[in-house]
Every structure is written in structure tokens, then in C-alpha cells.
Amino acid sequence: MASKLTTSNRAGWGFALPGFGLLALFIVVPFFFAFFLSLTNQRLISPNPTEYVGLENYRDLLSISVLTIEPERDDAGIIIRDANGQPEYPRVRSFTRNNPDFPQYDGMREWFRWHSGDNAKVVVATDVVFWKSLRNTLMFVLVVAPVQGALALGLALLINQRLRGINIYRAIYFMPVVVSIVVVSLLWRFLYAEEGLLNNILQTLSFGMFEGRDWLGDPDTALGAIKAMSIWQAVGFHMVIWLSGLQTISPTLYEASSIEGASKWQTFRYVTWPGLRNTAVLVLIVITMQAFALFAQIDVMTNGGPLDSTTTVVFQAVERGYGKQDISGGSTISVILFLIVLSISLIQRYLTRER
Amino acid sequence: MAAISSDNRGLRLVMRYTVLTLIAIIFVFPLVFMVMSSFKPDLQLLRDTSSIRAFLPVGDISLNNYFDAFDRAPVGLFVFNSVLVTGLTVLFSLFLCSMAAFSFAFLEWKGRNILLSIVIATLIVPFETIAIPLLLMVSKLPWIGFEGFSVGWLNTYRVQIIPWIADGLTIFLFVQYFKDLPRDLIEASRVEGASWWQIYTKVVMPLSGPVLATAAILKFLVMYNQYLWPLIVVQEETYRPVMVGLGYFFQLNTAWGEIMAYLTIITVPVLAFYLVLQRAFIASIASTGVKG
């Protein structure tokens, strides 16, 4: 209701402008700037003028293709096999380096391959490292979002009981959240080291059965180790959000269900969970956005290695935009990241919409 | 029967506390290890990891790691930089964001709804997606200071402060809070002839303790723990904050004991602050989840 008393364009703009102006300049402008830069060849410092290059940056990042390679045959058309009986294949390079028959594969590299019959299917991409970073980031999100969300809910239910001293436990579970992720990463680097605390604890608990391993140095375990640590650090944050959701559920509903003789599981299924619907959407979206932003852990713990097994989209954006001063390349990755985050939160909202 | 059920209840209570405590151990053991190790010489630190001694202040306990850490790097300067940047950003942020929110919540003006929608829309833009274009922008921004006109904000305090003052979440939190304040109060003050500035400073701000605490805590955590942004805009040691300094410190091939000392110096004050204001910290995180 517009009232004369509270209508004032001058005061309205006057109060809003300092804060809004900063927000516009440092969030809105760079956001649109990213789209613009991704269409150019801008570098941080360059003697050459910036040029418009259209979608070239996107093509360089995203070009991917499956190459079917037939095994080598001898003159009689028999497949040549190596000592183990495996067919031998021509090298991928012979297709992707200056081969006039396959201009579409020019400059691409092998990402991975599988076999179908005697043929080899090889996935080739112009920018294999980017695709790996995309895969790693998705794997991170796909594991961390549900696991962390569920663990946080479990903790919230545990903390939501009426017990003496429960607030102390709540305070402890939340503690890692206020510790910087950089501190946590460095600390866990020591825990994960070959002679580190984790291996020693596992050795003691298994009475020496477990042999220590270099968690961060092994491509098979590095990303998993970072996932576990990230969940440890952030789960308290989401526990608190679940808790505030739990506390909005009316106690009379619980009383009713206990009068009806509902079991614990039934109470959770039919009273608690429906009451948490909005909280669930929020928690999932927040975790997903945080997980896509994965950077500090990587920068401090592994630098993307070993063998690019922990490199992530943000890490690549920074490495190119800042490390190699390739602003346009970094911006292109940023735009792709934003589009992914946006579509995933839209999908999550759609799937969990009110029916 | 009664005896059995009360026994059961006692047992269940013990079980509950056991579970709660085991989980608590998972959350604190790395931090206890960090603090304890910071007092131990490296050799002992490594040896202790194979037993419970890793979590106890036993053996050769001293402050040597702390002295060595300060000798190796200007840790004091890094802490000063972080405190300065964090403090100023929190102050400016509370001031400007509450002013903007005041205008959004209480005043009617042309463009208000569009601007507010823009503010809300920024909530879905992760900082990581604008860091690189922002880096280019700040490298070319002009500045007029005591030394006169200059171009480029890299390697300054202002590049760490000014872009972080206004953000969608802080403004949004203030707007939510202000909407729950009685509007009669504002209109009554208007009738009595108070200016908008007086209403803001004398009526609304004195009622805003809780939201100021929430916004301050959230901003404090974000700013003190900054990593990505100062990493790419600050190369000079003079302006380096603690988290970026930590990375450099680590690369000096430092002994683990010294690293633990550095980690303890920059973490324990925050943890102490948190434990004292525990309720306020948790309430502020919870309030980010009130509205989806």
C-alpha cells in the first residue's frame, strides 16, 4: 500500500544507491562481463587488441567426439594381434594430427577408450583436461550433495532430542564450519599422508591388517579423500539448516502421531519428512552450489593431481584465467559453470516442487 | 517390570550419549591434534601419530614452533591484514546493506521492485563464476587516493574490501528482518516530522541488534576465511591475508610443527570467539535457511 508518508523517490534511491551500486558494479557487471569476455580472446595483460572470436572458446573447450578405430590387418585381412592375443590398433595420433581424411578430429586428444567387438571406440576431445575437470566436479557433487545432506539430517535428528547437555554436542558438531577450509585442507593433508594420522589410526583399529596408503597421491583415492574431508567440514552447516526446519514442525503433529501409536519410522515418514520439504530443497541447492565451487581444497591439497584426477571446473577457470592470464578461457569456463549450476538448481526446484 | 523398564531407560540414555560422544570425537580430533602438535618438535610429532599421544600434551612441550613460525614468515603482518580487511568490510557492509534494505523495506520509490529483484537474483551467482572477469575489471579500475590518480587495484587493501561490501544475502537478511518490524512505528515517526535519516539511525537501527549480529557473523566468516579472491589479486606480501599467507608458508618446506603453530594461531581465536558466541553463530547460519 503506497502511502504518501513513505513515498519518496529521492530518499529511496539515496538510501539504496550506495549498497546497490557496489553490488551492481562488483557482482552484476562482472557477471555479464563474463559472457562478453567468453566471446573474445582477452588476456590479462596483452599488447594486442582484444578481438571478437565468436564461439571459438566454447568450441575449444567442449568439442568431443567418439572415434571408431579398426584394428590393424595384414595383407590377407587377418587382424594383427599382440602376444596376449589383443588386436593392435593404429595410434590415435594418426587420426588427430594433420590427417586430411579426418579434419573434424584435428588437434584432439584421447580421453578414454573402450572396445566393441574388434573395434576400439576412442573418446577424443580438444580439451581433455577440461572434460576431466567437469567429470570430477560432477562426481564430487553427485556424492557430496546426497551424502552430506543425509548425514546432516541424521545429525539434526540426533541433536533435536531433549537431553541434558545437547547444546554442547550441537556446538561441537558445528565447530569445523567456522574453521577455514584452507586450514582444514592443510590439516587433513597431514592426516592423509602416508605416515599420517589416518593410516596409523586404521592400522591400530585393524590390528595391523591395514597397510598404509598415500590417500592423496593415488588417483583412485584422492578425490574420495577430498570428498570425505569436505563433508566433515561442512556437514554441521547443513545440520543447523535442517534443525531450523525441524523446529518449524508443530509439536501437536508429533503428539497426534504418538496418540495414534505411530512407530518412529512412521512418525518420520508421515510427520517429519513432509514438514521438511522446503528445507530439503534449500539444503540440496545450497550444497550443490557449494560443491560446484570446489576450489580451495584442490588448490591446497593436490593442485588437481595426480594425473588430473582431482582437477575441477573452478580450479581450471582459475588456472587459466589467473595462472595463464587467459581471461577469456577462464571466463568461458565460468559461464559454463554458471549455466550448469543454474540448470541444476532449476531441475532440483522442479523435482521438489509443490504438487 | 518397573525396574526393568527403568534399567532400559538408563541403558538407552547411556547408549544415546555414547553415540553423541563418538560422533563428537570425529569432529574434534583433527582440531585437538592440530593444537597439541603445535607444541611438539617435529620428530616427536611424527612419532606420536601412532598412538593416543597424538592428542595429548605430553613429551617435549614448548612454544618453539611459534617462535620459528614468526621468524620464517611475517605471520603477524598477515594476521593484521586479515583483521583490518575483515573488520572494515564488516563495518561498511552492515552500514550500506542495512541502508539499502531500509529503503527496500520501508520506502516507496520508482524502480524499487526491479532493484530488489536484481539483488535477489545475485543470490544464485556463485562468486567463483565471476572471479575471473572481476579480476580483469579491478586490474583496470581507476582510483583517486592521497597519492593522486592511479589505475589498477591489484595489490591493495581496497581490492580486498570494496567488492565484498555489498552482497545479496546481507541485504536480503536485513530486508526480511525489517519487514517484521511494526510499520506504524515508521509512519508515526514520519507524522512527527522525523527525517528518513533520523528514522534509520534513531528508530530502526536501535531495534536491529539481532540481524546486525547475524549479518556481522556471516560476513566475518566469509571475509576472514577468504582464499580464492586474495590469491588472485594480491601478490605482494605487504597486503597478504592469513589464508593466502598459509599457502606460501606451506610451500617454504616448513616443518609440520611450525605449520600446526600457524594453523593454531589463525584458528583458535576464531574458535574461541565461536564458543563464546555459539548461539549467535548457529542462529545466524540457521537464518540463512529461513527462506528458500
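In the predicted model, strand 1 of chain B is connected to strand 2 of chain B by a hairpin of 2 residues. The two strands, spanning residues 142–145 and residues 148–151 of chain B, run antiparallel and are joined by 4 bridges. Within this pairing, B:Gly145 stands opposite B:Gly148, the latter belonging to strand 2 of chain B.

Chain B is divided by the domain assignment into domain 1 (1–62) and domain 2 (65–287). A distance of 35 Å separates the C-alpha centres of domain 1 and domain 2 of chain B. The contact between these domains takes 9 residues from domain 1 of chain B and 9 residues from domain 2 of chain B. On the side of domain 1 of chain B that touches domain 2 of chain B, helix 1 and helix 2 (42–48) of chain B each supply at least two residues. Helix 1 of chain B gives the most to that side, with 3 residues. By class, the side of domain 1 of chain B that touches domain 2 of chain B consists of 5 nonpolar, 2 polar and 2 charged residues.

Helix 1 of chain B also takes part in the contact between the chains. That contact draws 82 residues from chain B and 81 residues from chain A. On the side of chain B that touches chain A, the most is given by helix 1 (residues 2–37) of chain B, with 10 residues. The residues on this side of chain B comprise 61 nonpolar, 13 polar and 8 charged.

In chain A, 3 strands form an open sheet with antiparallel pairing, arranged in the order 1-3-2. From one strand to the next, the twist averages 25 degrees. The antiparallel pairing of strand 2 of chain A with strand 3 (residues 119–125) of chain A extends over 7 bridges. A:His115 has A:Ala120, in strand 3 of chain A, as its bridge partner. Packed on the sheet is helix 4 (residues 128–159) of chain A, which touches strand 1, strand 2 and strand 3 of chain A. The direction of helix 4 of chain A makes about 70 degrees with that of strand 2 of chain A.

How values were computed. Residues numbered from 1 in each chain as written. Chains lettered and ligands numbered in written order. Predicted model: local features only at pLDDT ≥ 70, side-chain atom pairs only at ≥ 80, totals over all residues. Contact = placed C-beta atoms within 7 Å. Nonpolar A, V, L, I, M, F, W, Y, C, P; charged D, E, K, R; others polar. Pairing = 2+ DSSP bridges. Domains from an automatic or database assignment. Axes fitted to C-alpha atoms, helices over the stretch in contact; angles between N-to-C directions.
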